[in-house]
Amino acid sequence: MTPPPSTRSPKHNRSVTPSRPMRSELEEFAERCRAWYYQQDDDAGRLMTQTLATLPPSQRAPFARLQASIRSAYHASVNARRDAEFKAHLSATKPGGSLMPHSRADPRGVLARKERYERFDRFVRTWCTMGMPGTKPFFQGLWAVMRLQVIPQELGGAGPFRIEWEIDDAVFKESGGKEFMLEAIDVLKGVLGFEETTSLSRSPSTNSSAQYNAFTPLSPIHSRSQSQPLPSEGTTPTRAQKTPPISSRTQTKRPRAPSDPFLDTSAPLSTSYSSANTGLSTSSSSAAEEPVTPLTPNGELDDLFVRRPPVPDFNEGDVYMRTWTAPDLPNPEFLTLLTLFPPFITRNTLPRFPVTRTSARPADIEEGEVMDSDHDKIKVGTGTMWLGSKRRADGWQGGWWTRFKLWLARVFC
């Protein structure tokens, strides 16, 4: 007796090949990403998120990779523009050049002192508040510089020398936004008279990003972890040849012992990745039939991940920090400006410079002297500071009344 024909559907006899995303779909998604990141278009952002949320797992990787590439390009352009604005405003501002013409004509006159006091008061009241924790380390360091300038050298202060304060440019660019960056440069250099120069120390904020190219397309697992709104569990990667997901778990920064149970020494990485995919396929009938090879050939979509627009590399200028030399102001004016700092800044403990002998002076690098490494440096707030080789002008101690008040402070405080 001939058995009846099988009623099983053909789709159960052969694997279902997932469809490949159309180029037009990726181009449309790229335009939405650019509109969201560069123009802050809310509708485009909503459509972008909805597209990623409704995509099948087999097509999600190209879209996430494209979104990550556009997002990286946007952040690189923002950082480049902020860096250009910072350097342009810094070079255009001269020490004391932001004061009124009559104040610049007599920097130590009454009108100049009054203008410095008023503008510094407005700057502190605007940006040095409890509600702005990002600027607190900056003002802690600034207060320490001005406070140590009025302390005698034999008591751990600066005495007749001007303090040098080395801080990262990122403190200006990232603490309080663009307005804080411009006003901080204007007040420090243009009003108070700080002098600045590029330091030879490397900036810690750029060491990690110097080797990263913002326009390099990210791997699928990295794209999803950064920009995919849906959880990545159960999602089969579609670009296995380039970056297997298991590599983030098996590759470590330190050598492992041969007895380490988490070290896979019996099979290469590609074999373990294939076995991982095999184990994952048994948990889902739909994921089991998806191929591991990329659904979209690399050559057909490479032009979607090009640098658009090309932005020059500004990392080289950010590698070094900047040294700010304290202004050459007399002690009475420093004491007046110190009264403008709020209590949550002034109640901090003030460290002192190491005291060796009364006749000691800071090492002059131009004369061939070398500073004793980090022994003479202190850290307050942000950055480091030390005694510079530049001396203050005559009259920095002020009149007899100021010296008498400082003497009373040393005796009874």
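I began with R119, which forms a salt bridge with E115, with 3.9 Å between the closest N and O atoms. For my notes, a salt bridge is a side-chain nitrogen of Lys or Arg within 4 Å of a carboxyl oxygen of Asp or Glu. I am working with a predicted model, in which local features need pLDDT of at least 70 and side-chain atom pairs count only at pLDDT 80 or more, while totals for chains, interfaces and linings use all residues. Residues are numbered from 1 along each chain as its sequence is written, and side-chain values use heavy atoms, leaving out hydrogens and water.

Next I checked where this pair sits: R119 and E115 are both in helix α5 (residues 110–127), four residues apart, about one turn of the helix. Helices here are DSSP runs of H or I with at least four residues, numbered from the N terminus.

I then looked up D186, whose side chain meets that of R119 in a salt bridge (2.7 Å, N to O). D186 is in helix α8 (residues 177–192) and R119 in helix α5, so this pair links distant parts of the chain, 67 residues apart.

Is D186 buried or exposed? D186 counts as buried because its relative accessibility is 18%; buried means under 20% relative accessible area, exposed over 50% and partly exposed in between (1.4 Å probe, protein chains only).

My next pair was E333 and R116, a salt bridge with its closest N and O atoms 2.5 Å apart. E333 lies in helix α15 (residues 331–338) and R116 in helix α5, so the pair ties together parts 217 residues apart in sequence. Both E333 and R116 are buried.

Last, I noted the count, which comes to 17 salt bridges.

How values were computed: Helices (H or I, at least four residues) and strands (E, at least two) are DSSP runs, numbered from the N terminus.
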